Each structure stands twice: as structure tokens, then as C-alpha cells.
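Hello,

Here is the structure I said I would pass on.

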Amino acid sequence: QQAIRELLACIYRYHDRDESDLIRRLKDGKMGHTKTRHSDSDIIAMKVSKEWKKKYEAYLPKIIYPGPKIETGLKGWFVRYKVDHSDGEAPGGGRICPLSF
């Protein structure tokens, strides 16, 4: 899941003000019908779960990065998660799937 989150972070980010407003509303208990107040640790856990995307992503406009920034980010992501390397390129930081043997 970490690799997917980092991949998506190469392509877009949420609008800062909207994300801050959502977090404030979650802390104040003003989101959802249960009116549950969420702690910082609750919110951090939600942000890395499917719950965040399912419940809250509709409130968060995405800012898509320009092409050159996406390209640079994807190249860095690939270096971190690829398994092997080509001559003259950075070594791979990924791991081999044990199921592929």
C-alpha cells in the first residue's frame, strides 16, 4: 500500500485548504451522522485506509501536477520500487516477490 500511496503522490495532491477544513471538521465531530470526534492518530490511520477514499475523497479536489513534475516523481518512484537496475542507472530499491520463483 505504501508504494501505491507514493505513486499517487507523484501525480496529484489534495487542495491544502480543503484537506485542512476536512481534518478540522473530523476533529470537531462535524462530519458524518455519528458526530464522532477524531484524534490526530485516528485521522492518520484513516488517511492510509480505504475508508478515507470511500468516505472523504469526494470532499477533496485534487490538484494534478504538471507533466514534467509527474515524470520526475515517477522516475524517483520507479527507482525506489524496481527490483533490479540497468547499467548506468540507480540500483533497485524494491524487493523480489517470493511468489515469482
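Aspartate 21 has a relative accessible area of 29% and is therefore partly exposed. Please keep in mind that this is a predicted model.

Aspartate 21 pairs with arginine 24 in a salt bridge, with 3.4 Å between the closest N and O atoms. Both residues belong to helix 2, three residues apart, or about one turn of the helix. Arginine 24 is partly exposed too, at 41%.

A second salt bridge joins lysine 27 and aspartate 40, whose closest N and O atoms are 2.6 Å apart. This pair links distant parts of the chain, since lysine 27 is in helix 2 and aspartate 40 in helix 3, 13 residues apart. Lysine 27 has a relative accessible area of 34%, and aspartate 40 one of 46%.

Further along, glutamate 57 and lysine 62 form a salt bridge of 3.7 Å, N to O. Glutamate 57 is buried, at 14% relative accessible area, whereas lysine 62 is partly exposed at 39%. Together with Lys53, these two make up a network of salt bridges. The count of salt bridges comes to nine.

On the surface there is also a patch of positive charge, formed by Arg25, Lys30, Lys35 and Arg37. Of these, lysine 30 sits in the loop between helix 2 and helix 3, with 47% relative accessibility.

Last, glutamine 2 lies in helix 1. Its side chain makes polar contacts with those of arginine 5, at 2.8 Å, and glutamate 6, at 2.7 Å. Glutamine 2 is also 8.5 Å from valine 48, C-alpha to C-alpha, although 46 residues separate them in sequence.

Regards

Methods. Residues are numbered from 1 along each chain as its sequence is written. This is a predicted model: local features need pLDDT of at least 70, side-chain atom pairs count only at pLDDT 80 or more; totals for chains, interfaces and linings use all residues. Side-chain values use heavy atoms; hydrogens and water are left out. Patches are made of residues with over 30% relative accessible area and no salt bridge: like charges are joined within 9 Å, nonpolar side chains (Val, Leu, Ile, Met, Phe, Trp, Tyr) within 5 Å. Accessible areas come from the Shrake-Rupley method with a 1.4 Å probe; for residues, only the protein chains shown count as cover. A salt bridge is a side-chain nitrogen of Lys or Arg within 4 Å of a carboxyl oxygen of Asp or Glu. Lys and Arg count as positive and Asp and Glu as negative; His and the chain ends are not counted. The place of a charge is taken as NZ of Lys, CZ of Arg, CG of Asp or CD of Glu. Helices (H or I, at least four residues) and strands (E, at least two) are DSSP runs, numbered from the N terminus. Buried means under 20% relative accessible area, exposed over 50%, partly exposed in between (1.4 Å probe, protein chains only). A polar contact is a pair of N or O atoms within 3.5 Å; within protein, one must be able to donate a hydrogen and the other to accept it, and residues adjacent in sequence count only if both atoms are side-chain atoms.
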